[in-house]
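Subject: Structure handover

Hello,

Here is the structure for you to look over. My notes on it follow below.

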Amino acid sequence: MSMKNIISHWINERFEVEKIKGPLKKQLEKPLPGHVSWFHTLGSMSFFLFISQVLTGILLLVYYRPTVDEAFQSVKFITTQAYMGWLYRQIHAWGANLMIIIVFLHMLRTFVTGSFKKPREITWIIGVFLFILTLVFGFTGYLLPWNQLAYWATTVGTEIAGAIPFVGEWIKTLLRGGPNVGGETLSRFFVVHVIILPWAVFFLIAIHLFFVRWQGIATMDPVDQAKEPKPEKSIPFFPHHALKEGIVFFILLGWMITLSVLMPFELGEVANPLVTPLAIKPEWYFLPMYQVIKYFSKLAGIFVVSLAPLFLLVWPFLDKSKERHPLKRPVSMTIGVLVVFSLLFFGFLGHFSESKRRILGKEYEFDIYGKPHVVSGDGIQQEGKK
Ligand code: HEM
């Protein structure tokens, strides 16, 4: 008997693996609808990035110290001294940014193909929580290096929470662990970032994937008229779709390494509560929200911004037409396009706001609303083009 046979015989004698071989094979070769494409790898890309974050996060934990005195130095040590430390720190930072983009695109894909409709409403709702938690991952992780940018972005971010009526002060103090961002905030964010969120996301992903497997990938047929994928028009999960997933994993890994080498995230200066930087901005993925809040009073702004996740959660119950095909859902598609464009629009406004830039040979100063003002040669501001 070959070694492989000896091992499988040994296991079979104890666990009767033969019994589950059939169902397992059926699962692996499960037919997927014919329209399943590269866009259907976005979910597994999100999963891949989550696993990559967990692995690089564990490596970071070896040297990271979550205290005010040591945090910055420990990250500096990781980037300059630890073996391959610079690489796994950069892959973790780039992975976080890519994960937000990929999870968002996956959400967009399931929105466009109407996959969130009956019977997959709960899969969508769990997805919305996963999207929100991915953002919270970003918010809490950003503080951990304890540099100037992180310190002040967190100060502003938690300040916004303070403006919520009645419970705002309480939430702000709960987040900060005191009146200001300090050592208490750092340890709270650390616990949320490395213990609570990873497990919460892990369990939500497990339920999400269980539902996806149980109900099968949505066809493009209208609600309640789904037909079993015809054998001649379907694609087996393994090897066809699994191969596509393998390919995108390699591309993602290649991207993360390339970006880490060519465009590394700088650590900057250690946090200093006494020196406020000129323009404080959150991470790019919070910019649209941050910018919208500027146009309203704080309270109205928070109200407008908190409507977004609420709408996402109840969306399957608002978009009730039976059609799944995007061309047969013109109203939903128009809303989707408008939302994506306004995210980009306010994101760019937020990016340009409170900065000076030279565009086509002219110097512009963008005010906090993102409105450009031409700065003349002698540095005096003039009313800019609108
Ligand atoms: C960490 C985050 C997430 C992971 C790891 C994940 C993973 C997956 C995977 C692997 C699939 C099956 C393949 C595919 O359609 O790409 C899937 C399907 C699905 N996901 Fe997610 N997902 C995440 C977040 C989200 C979000 C944010 C939403 C929407 C708000 C969402 C809604 C859905 C829906 C409705 C399906 C069913 C698609 C269909 O049947 O065609 N997911 N997810």
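Which residue stands opposite V374 in β5? Y364 does. I come back to that pair below.

Some ground rules. The model is predicted, so local features need pLDDT of at least 70 and side-chain atom pairs count only at pLDDT 80 or more, while totals for chains, interfaces and linings use all residues. Residues are numbered from 1 along each chain as its sequence is written, and side-chain values use heavy atoms, with hydrogens and water left out.

**Overall**

The protein chain holds 13 helices and five strands. Helices (H or I, at least four residues) and strands (E, at least two) are DSSP runs, numbered from the N terminus. Along the principal axes, the C-alpha atoms fill a box of roughly 80 × 55 × 50 Å. The chain has 386 residues, and 39% of them count as buried. Buried means under 20% relative accessible area, exposed over 50%, and partly exposed in between (1.4 Å probe, protein chains only).

**The iron site**

H106 and H208 coordinate the iron atom of the ligand, each through NE2, at 2.0 to 2.1 Å. Donors here are N, O and S atoms within 2.8 Å of the metal (3.2 Å for Na, K and Ca); water is not among the atoms, so sites may look incomplete. The two histidines link distant parts of the chain. H106 sits in helix α5 (residues 85–112) and H208 in helix α9 (residues 183–215), 102 residues apart. The iron has six donor atoms, with angles of 86 to 179 degrees among them, and the site is octahedral. For six donors, that label requires opposite donors over 155 degrees apart and all others between 65 and 115. H208 counts as buried because its relative accessibility is 13%.

**Around the ligand**

There are 25 residues around the ligand. To be near, a residue needs a heavy atom within 4 Å of the molecule. H106, R109, G127, H208 and A218 come nearest. Polar contacts are pairs of N or O atoms within 3.5 Å; within protein, one must be able to donate a hydrogen and the other to accept it, and residues adjacent in sequence count only if both atoms are side-chain atoms.

- R109 places a polar side-chain atom 2.5 Å from a ligand oxygen atom.
- S115 has a side-chain N or O atom 3.2 Å from an oxygen atom of the ligand.
- H208 has a side-chain N or O atom 2.8 Å from a nitrogen atom of the ligand.

**The strands**

Strand β3 (residues 355–359) runs antiparallel to strand β4 (residues 362–366), with five bridges between them. Two strands pair if DSSP finds at least two bridges between them. S355 is bridged to F366 in β4, and I359 to K362. Two residues separate the strands of this hairpin, and L360 takes a positive phi near 50 degrees.

β4 also pairs with strand β5 (residues 372–374), again antiparallel, over three bridges. This is where Y364 faces V374. The β4 and β5 hairpin has five residues between its strands. In that turn, G370 has a positive phi of about 85 degrees.

**Backbone points to check**

Most residues other than glycine have a negative phi, and most peptide bonds are trans. The residues below depart from that pattern.

Helix α1 (residues 3–15) has 13 residues and reaches 18 Å from its first C-alpha to its last, close to the 18 Å expected at 1.5 Å a residue. The expected span is 1.5 Å times one less than the number of residues. E16 follows α1, with a positive phi near 50 degrees. E16 lies in the loop between α1 and α2 (18–28). E16 counts as partly exposed because its relative accessibility is 47%.

F166 also has a positive phi, near 60 degrees. F166 is in the loop between α7 (148–162) and α8 (168–176). With a relative accessible area of 87%, F166 is exposed.

Two peptide bonds are worth a look. K118 to P119 is cis, with omega near 5 degrees. P119 is in the loop between α5 and α6 (121–143). F238 and P239 are also joined by a cis bond, with omega about 5 degrees. P239 is found in helix α10 (residues 237–262).

Best wishes

Technical notes
Tetrahedral: all angles 85-135°; square planar, octahedral: opposite > 155°, others 65-115°.
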